[in-house]
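Please keep the sequence and the 3D view at hand while reading.

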Amino acid sequence: MSTVTDDATFTGPRTEDLAALLVAGERPPRPSALSASLTFGWRAMLKIKHVPEQLFDVTAFPIMMVLMYAYLFGGALAGSVSEYIQFLLPGILTLSVVMITMYTGVAVNTDITKGVFDRFRTLPIWRPAPMVGYLLGDVVRYLIASAVMLVVGLLIGYRPHGGVVGVLAGVLLLLVFSFAFSWIWTMFGLMLRSEKSVMGVSMMVIFPLTFLSNIFVDPRTMPGWLQAFVNNSPVTHLATAVRELMAGNWPAADIAWSLAWSALFVVVFGAVTMRLYNRR
């Protein structure tokens, strides 16, 4: 049975449990893939417990994003904040959660620098468990960010016509995509040498990918050459799907595209991540 101490360090089976098993002539049972992954996910939660400032990016940052963009651009783009927030909130929700995913790579790189992963690789566990655990732990952070932004949006006039079901469906799709998208950053966390390098490269990738989308405005107002990129961006498909689900519609094509992109990210970047992890 795997345990996690209060200092967020994976300790493996307790000493008394091992002693009892050895006396009985039995080998400790190998933890299942799910059990190992959940243990590492809980470790990620304990790290937040000891450093609560990590929640700043899923609380203060989302609030700032909603208020800033709604009040800066609402009157100019839609005539009023109450009108613009109907279009903006699902998009800014997508932007914020997708941007938060890049901190996964920083956390992975930090543990590598401290030598924690050397110990993980000696444990008789499912090999991808530490990486999957990181991502499962971050899903909780994405949920917090989503809840905070939805509350702020409702307070300033957002009204999802899809009701509770539409909102939950949109958030669920966003969580699935973000979990898959995070594999890009675990790859960078293993590949690059320092936290600053991971953050710098992540910014270079995520800013154009998120801002060159339909999060803030309708792509039809853009030049034709830019529309070609924006209309085929994974973030555009995701933002459209979340926006339509929360509005009470069923955008089958954009949902399918979002899920297809998610599968591609896991297959490609998940495989590269594990290859790097096994060779370090």
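A salt bridge is counted here when a side-chain nitrogen of Lys or Arg lies within 4 Å of a carboxyl oxygen of Asp or Glu. The model is predicted, and a search of the whole structure finds 3 salt bridges. They are set out in the table below.

| Arginine | Aspartate | N to O distance |
|---|---|---|
| Arginine 43 | Aspartate 111 | 3.0 Å |
| Arginine 141 | Aspartate 138 | 3.4 Å |
| Arginine 220 | Aspartate 218 | 2.6 Å |

Arginine 43 forms its salt bridge with aspartate 111; because arginine 43 belongs to helix α2 (residues 33-50) and aspartate 111 to helix α5 (residues 103-114), the pair ties together parts that are 68 residues apart in sequence. Both arginine 43 and aspartate 111 are buried.

Arginine 141 and aspartate 138, in contrast, both sit in helix α7 (residues 129-155), 3 residues apart, which is about one turn of the helix. Arginine 141 has a relative accessible area of 6% and is buried, and aspartate 138, at 9%, also counts as buried.

In the remaining pair, arginine 220 is exposed, with a relative accessible area of 69%, while aspartate 218, at 28%, counts as partly exposed.

Turning to helix packing, helix α4 (residues 81-100) packs against helix α9 (residues 195-211) at an angle of about 165°, their axes lying 11 Å apart, so that α4 is roughly antiparallel to α9. The crossing of α4 past α9 is right-handed.

Note on methods
Residues numbered from 1 in each chain as written. Predicted model: local features only at pLDDT ≥ 70, side-chain atom pairs only at ≥ 80, totals over all residues. Heavy atoms only, no water. Axes fitted to C-alpha atoms, helices over the stretch in contact; angles between N-to-C directions. Helix = DSSP H or I, 4+ residues; strand = E, 2+ residues; numbered from the N terminus. Parallel < 35°, antiparallel > 145°, perpendicular 65-115°, else oblique. Left-handed = near helix turned anticlockwise from the far one by under 90°. Buried < 20%, exposed > 50% of the residue type's maximum accessible area, 1.4 Å probe, protein only.
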